[in-house]
Amino acid sequence: MKQPHILLVEDETHIAQGLIFNLEMEGFLITHAETGAAAMEAFHRQSYDLVVLDLMLPDSHGIDLCRQMRKESSQLPILMLTALGEEQDRIKGLKEGADDYLTKPFNLDEFLLRVHGILRRSAWYQPTFNKEEIYLFNNNRIDLRNLEAVTTHGNICLTELEGRMLRTLFANEGETLTRAELLKSVWGMSADTETRTLDNFIVRLRKYFEADPAKPKHFLTVRGRGYRFIREPEQG
Ligand code: CA
């Protein structure tokens with residue numbers, strides 16, 4: 001597999017060093033730019049799989065870079081780093097084409113999770129995945145391609161992560177998936193992180209798709225191990 005190449009635009013040395021160290025540990029190739037000018041030069045030199053873009057730079061504003069990069073490369077994922085209190089910038093950045101943002105100071109796990117998420121999402125929309133994926137169970141109709149569901153509780157727009165989680169569970173119907181397997185497959189994360197996020201997702205899926213979310217029949221907890229999806233539970 002090709003090593004994903006990330007352009008990191010960040011002028012604060014201690015933040016940049018921490019991010020570079022950890023991204024490299026995750027197997028990414030990093031090009032680091034400390035100014036807007038250096039960022040645009042690096043941007044034109046080669047192509048990247050992701051840009052991590054700090055908004056406050058010594059010579060330019062990240063919003064302008066974001067707009068310019070987006071204009072030249074409509075598919076390139078951009079993750080913005082904003083400071084607290086830059087609410088307006090965040091909104092503007094999302095309008096100018098950033099895919100996601102993180103507010104400083106952020107947790108490193110959260111950062112890596114976002115990076116993996118964006119990269120998976122961009123792979124997700126490659127044409128090879130472009131087929132119809134409709135899944136029916138318990139009077140629910142789930143369209144994984146368009147991330148829409150018709151349920152007994154109403155119509156639901158699924159998030160990409162929810163879609164990915166459902167796809168993983170459906171593909172392994174009837175089998176127990178460990179927390180580690182689910183985290184890896186859905187978030188691209190190693191086992192020891194963000195397990196509460198996983199539990200919260202299961203709670204959400206139950207709320208969407210179970211007749212009685214408090215007594216799940218389809219999204220089952222396997223105590224001490226993980227979760228299991230059952231399409232057609234035994235009667236009784
Ligand atoms: Ca900065």
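Domain bounds here come from an automatic or database domain assignment. For this protein, that assignment gives domain 1 (5-124) and domain 2 (134-229). The model is predicted: local features need pLDDT of at least 70, side-chain atom pairs count only at pLDDT 80 or more, and totals for chains, interfaces and linings use all residues. Residues are numbered from 1 along each chain as its sequence is written, and side-chain values use heavy atoms, with hydrogens and water left out.

**Stop 1: the two domains**

Colour 5-124 and 134-229 separately. The centres of domain 1 and domain 2, taken over C-alpha atoms, are separated by 30 Å. Nine residues of domain 1 are in contact (heavy atoms within 4.5 Å) with 11 residues of domain 2.

**Stop 2: the parallel sheet**

Helices (H or I, at least four residues) and strands (E, at least two) are DSSP runs, numbered from the N terminus. Two strands pair if DSSP finds at least two bridges between them. Select β1 to β5: these five strands form an open sheet with parallel pairing, in the order β2-β1-β3-β4-β5. At its edges are β2 (29-33) and β5, each pairing on one side only. On average, neighbouring strands of this sheet are turned by 20° against each other, direction ignored. Axes are lines fitted to C-alpha atoms, for helices over the stretch in contact, and angles run from 0 to 180 degrees between N-to-C directions.

Now pick β1 (residues 5-9) and β3 (residues 50-54), which run parallel and are joined by four bridges. Which residue of β3 is the bridge partner of Ile-6? The partner is Leu-50.

**Stop 3: α2 against α3**

Two packed helices are described by the angle between their axes and the distance between the axes. For helix α2 (residues 36-45) and α3, the axes come within 11 Å and cross at roughly 10°. The two helices are therefore roughly parallel to each other; angles under 35 degrees count as roughly parallel, over 145 as roughly antiparallel, 65 to 115 as roughly perpendicular and the rest as oblique. Show the side chains: α2 contributes Gly-36, Ala-39, Met-40, Phe-43 and His-44, and α3 contributes Leu-65, Gln-68, Met-69 and Glu-72. By class, this contact has five nonpolar, three polar and one charged residues. Ala, Val, Leu, Ile, Met, Phe, Trp, Tyr, Cys and Pro count as nonpolar, Asp, Glu, Lys and Arg as charged, and the others, Gly among them, as polar.

**Stop 4: a cis peptide bond**

Centre on Pro-105, in the loop between β5 (100-104) and α5 (108-124). The peptide bond from Lys-104 to Pro-105 is cis, with omega near -5°.

**Stop 5: the antiparallel sheet**

Move on to β6 to β9, four strands that form an open sheet in the order β6-β7-β8-β9 with antiparallel pairing. Because β6 (134-137) and β9 (154-157) stand at the edges with a single partner strand each, one side of each is left without a neighbour in the sheet. From one strand to the next, the twist averages 15°.

β8 (residues 148-151) pairs with β9 in the antiparallel sense over four bridges. Thr-151 stands opposite Gly-154 in β9. In the loop between β6 and β7 (140-143), select Asn-138. Asn-138 is not a glycine, yet has a positive phi of about 45°.

**Stop 6: α6 against α7**

Finish with helix α6 (residues 160-171) and helix α7 (residues 179-187), which pack at an angle of about 130° with their axes 9 Å apart. α6 and α7 are therefore oblique to each other. The contact is made by Leu-161, Arg-164, Met-165, Thr-168 and Leu-169 of α6 with Leu-182, Ser-185, Val-186 and Trp-187 of α7. Six of these residues are nonpolar, two polar and one charged.
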